[in-house]
Amino acid sequence: MSVGMRIGAVLTAIFALAALTSVVWVPHDTDVLDISQRNLGPSVLHLFGTDHFGRDMLSMLMAGARTSIAVALVAVGIGVGLGVPLGLLAAAHSGGWLDEVIMRGNDLIFAFPSLVIAILITAVFGPSALNAILAIGIFNIPVFARVARGGALPLWTLDYVMAARVAGKGRILISAQHILPNIANLLIVQATIQFSLGILAEAALSYIGLGAQPPTPSWGRMLADAQTMIYTEPQLALLPGLAIVFLVLGLNLLGDGLRDALDPRLRRVRA
């Protein structure tokens, strides 16, 4: 395991542990406002101080990690669950009408960035964390479809796939038994990349008011609330900003390490 991958794994584990812990416990209730305790500095009672509403910043960061990770995780799950089967199906019918329909549909989704999709969804259903998940998840579908199709296409020309076809196995069965296991490394690496992008997308959507709504803590919402106090109380923006930076950095380092570890071509180069 490389040094970068170790650092990425540690950073990711810290935030994942904070998010899981916040499900059952946080130092202070994030729903309770205490104006008399607003903008306090670090202390034994409040390790990272308090915000302009008197809420404990450590508790807000922990709960915000839960929101960001949950949104990004479900969104990636949508992308994997729908995009990978579509990509495998397109590769199994490469050059046919089904391949064209799937890939042109992917191009259509790519024409609308996740932020535009979020605005469209919000205009119909209103802003919420669920709509942020839908927007990010929809944008992830063509990403995983392209990765799955690109990884699967060369495998359909290999001998063991030809043997499976001669044995009478159908395209779907071959894709599930022979193709998918051999492109799993590509999908795992892409999932870590999309996970980090999902964190950024959730923060961006919450920042402009299209993501998680109060009183649900969100790093993007914390940044939006702190922007008018950036010169007087810079820690209110600095702490959630650093949380986003370090989590995304950890996921990217972890993804790079997994790519190096799982790609057989890179293993041969190192050898």
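Thr30 touches Arg55, Ser59, Met60, Ala63 and Pro217, leaving aside residues up to four places away in sequence. Thr30 sits in the loop between H1 and H2. With a relative accessible area of 11%, Thr30 is buried, because buried means under 20%. The model is predicted.

**Helices H2 and H7**

- Two packed helices are described by the angle between their axes and the distance between the axes.
- Helix H2 spans residues 57-92, and helix H7 spans residues 171-207.
- Their axes come within 8 Å and cross at roughly 145°.
- The crossing of H2 and H7 is right-handed.
- On the H2 side, the contact is made by Thr67, Ser68, Ile69, Val71, Ala72, Leu73, Val76, Val84, Leu88 and Ala92.
- On the H7 side, the residues in contact include Arg171, Ser175, Ile179, Leu180, Ile183 and Leu187.
- Further along H7, the contact also includes Ala191, Gln194, Phe195, Gly198, Ile199 and Glu202.
- The residues of this contact divide into 15 nonpolar, five polar and two charged.

**Nonpolar cores**

- The largest nonpolar core has 39 residues.
- Ile69, Trp156, Ile179, Phe195, Ile199, Trp219 and Leu247 have the most contacts inside this core.
- The elements that give two or more residues to the core are H1 (3-24), H2, H5 (129-152), H6 (159-166), H7, H8 (219-226) and H9 (235-262).
- H2 gives the most to this core, with 11 residues.
- Ile179 touches Leu88, Ala152, Leu155, Trp156, Val161 and Ile174, not counting residues up to four places away in sequence.
- A second, separate core has 12 residues, among them Ile121, Ile133, Ile136 and Leu205.

**Aromatic pairs**

- The structure holds two aromatic pairs.
- Phe15 and Trp219 form an edge-to-face pair, 5.8 Å centre to centre, with 75° between the planes.
- Phe15 lies in helix H1 and Trp219 in helix H8, so this pair ties together parts that are 204 residues apart in sequence.
- Phe15 counts as buried, because its relative accessibility is 14%.
- Trp219 is buried too, with a relative accessible area of 1%.
- Phe110 and Phe139 form an edge-to-face pair, because their planes are at 90° and edge-to-face means over 60 degrees.
- The ring centres of Phe110 and Phe139 are 5.7 Å apart.
- Phe110 is in helix H3 (residues 97-110) and Phe139 is in helix H5, so the pair links distant parts of the chain, 29 residues apart.
- Phe110 counts as partly exposed, at 31% relative accessibility.
- Phe139 also counts as partly exposed, at 23% relative accessibility.

**Helix H8**

- Six of the eight residues of H8 are buried, so H8 is largely enclosed by the rest of the structure.
- The buried residues are Trp219, Gly220, Arg221, Met222, Ala224 and Ala226.
- What covers these buried residues includes H1, H2, H7 and H9.

Terms used: Residues are numbered from 1 along each chain as its sequence is written. This is a predicted model: local features need pLDDT of at least 70, side-chain atom pairs count only at pLDDT 80 or more; totals for chains, interfaces and linings use all residues. Side-chain values use heavy atoms; hydrogens and water are left out. Axes are lines fitted to C-alpha atoms, for helices over the stretch in contact, and angles run from 0 to 180 degrees between N-to-C directions. Helices (H or I, at least four residues) and strands (E, at least two) are DSSP runs, numbered from the N terminus. A crossing is left-handed if the near helix is turned anticlockwise from the far one by less than a right angle, and right-handed if clockwise. Contact means heavy atoms within 4.5 Å. Ala, Val, Leu, Ile, Met, Phe, Trp, Tyr, Cys and Pro count as nonpolar, Asp, Glu, Lys and Arg as charged, and the others, Gly among them, as polar. A nonpolar core is a set of buried Ala, Val, Leu, Ile, Met, Phe, Trp, Tyr and Cys residues joined through side-chain atoms within 4.5 Å. Buried means under 20% relative accessible area, exposed over 50%, partly exposed in between (1.4 Å probe, protein chains only). Rings of Phe, Tyr and Trp (its six-membered ring) pair if their centres lie within 6.5 Å; planes under 30 degrees apart count as stacked, over 60 as edge-to-face and the rest as tilted.
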